[in-house]
Amino acid sequence: MDQWQGFFSAQLGAAATLSGLTLVGVSINLSKILSTPRLPNRAFAALLLLVAVLIVSSLLLVPGQPLRLLGMEVLITGLLAWTTVTVIDVRTLQGAEGRYRRLTLVQMVMDQLALVPYL
């Protein structure tokens with residue numbers, strides 16, 4: 001795992017930066033986001049995906065961790081993120097207008113593809 005330390009450090013920095021930028025973007029446009037029914041959930045899901053990368057990258061940088069424990073930590077993080085994002089996606093799909101259903105399904109597939117590697 002020592003050979004991967006630089007990669008995970010870069011992932012951690014990128015995820016932290018993108019999470020911060022997402023929060024700033026949401027806070028600047030909060031009234032617009034809250035006025036559209038689907039956007040608050042999408043913003044939360046996007047932030048959650050970035051935070052999952054941040055958490056997993058942090059866990060992978062902990063020195064001297066047994067691989068089994070590390071695997072369990074990544075799995076638990078992935079399961080929590082997957083469950084939350086899936087619930088958000090299903091609720092968004094249920095409330096989506098007919099013309100947005102296809103786009104919502106595409107977003108659901110993309111979310112699933114982003115989270116499957118953790119599991």
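## From a surface patch to a buried network

L69 is found in helix α4, which covers residues 67-95; helices here are DSSP runs of H or I with at least four residues, strands being E runs of at least two, and both are numbered from the N terminus. This is a predicted model, in which local features need pLDDT of at least 70 and side-chain atom pairs count only at pLDDT 80 or more, whereas totals for chains, interfaces and linings use all residues. Residues are numbered from 1 along each chain as its sequence is written, and side-chain values use heavy atoms, with hydrogens and water left out.

With a relative accessible area of 37%, L69 is partly exposed, a class that lies between buried (under 20% relative accessible area) and exposed (over 50%), as judged with a 1.4 Å probe and protein chains only.

The largest pocket holds about 200 Å³ of space, and the elements that give two or more residues to its lining are α1 (5-28) and α3 (39-60). Among the lining residues are M1, D2, Q5, F8, L59, L60 and L70. A pocket is an open set of points, on a 1 Å grid over the protein atoms alone, with protein on both sides within 12 Å along at least five of seven lines, whereas a cavity is a set of points where a 1.4 Å probe fits but cannot get out; lining residues have an atom within 4 Å of a point. Grid points are joined across faces, edges and corners, and the volume is the space filled by probe spheres set on the points.

Helix α1 also contains S19, which counts as buried at 8% relative accessibility. Once its neighbours within four places in sequence are left aside, S19 is in contact (heavy atoms within 4.5 Å) with L47, L50 and V51.

Which residues are linked in a network of salt bridges? They are R42, D89 and D111, a salt bridge being a side-chain nitrogen of Lys or Arg within 4 Å of a carboxyl oxygen of Asp or Glu. The side chains of D89 and R42 meet at 3.0 Å, N to O. Because D89 lies in helix α4 and R42 in helix α3, this pair ties together parts that are 47 residues apart in sequence. D89 is buried, with a relative accessible area of 2%, and R42 is buried as well, with 18%.

R42 also forms a salt bridge with D111, the closest N and O atoms being 3.1 Å apart. D111 lies in helix α5 (residues 101-115) and R42 in helix α3, so the pair ties together parts that are 69 residues apart in sequence. Leaving aside neighbours within four places in sequence, the contacts of D89 are R42, Q107, M108 and D111.

A search of the whole structure finds three salt bridges, including one between E97 and R99, whose closest N and O atoms are 3.3 Å apart. Here E97 is partly exposed, with a relative accessible area of 44%, and R99 counts as exposed at 64%, whereas D111 and R42 are both buried.
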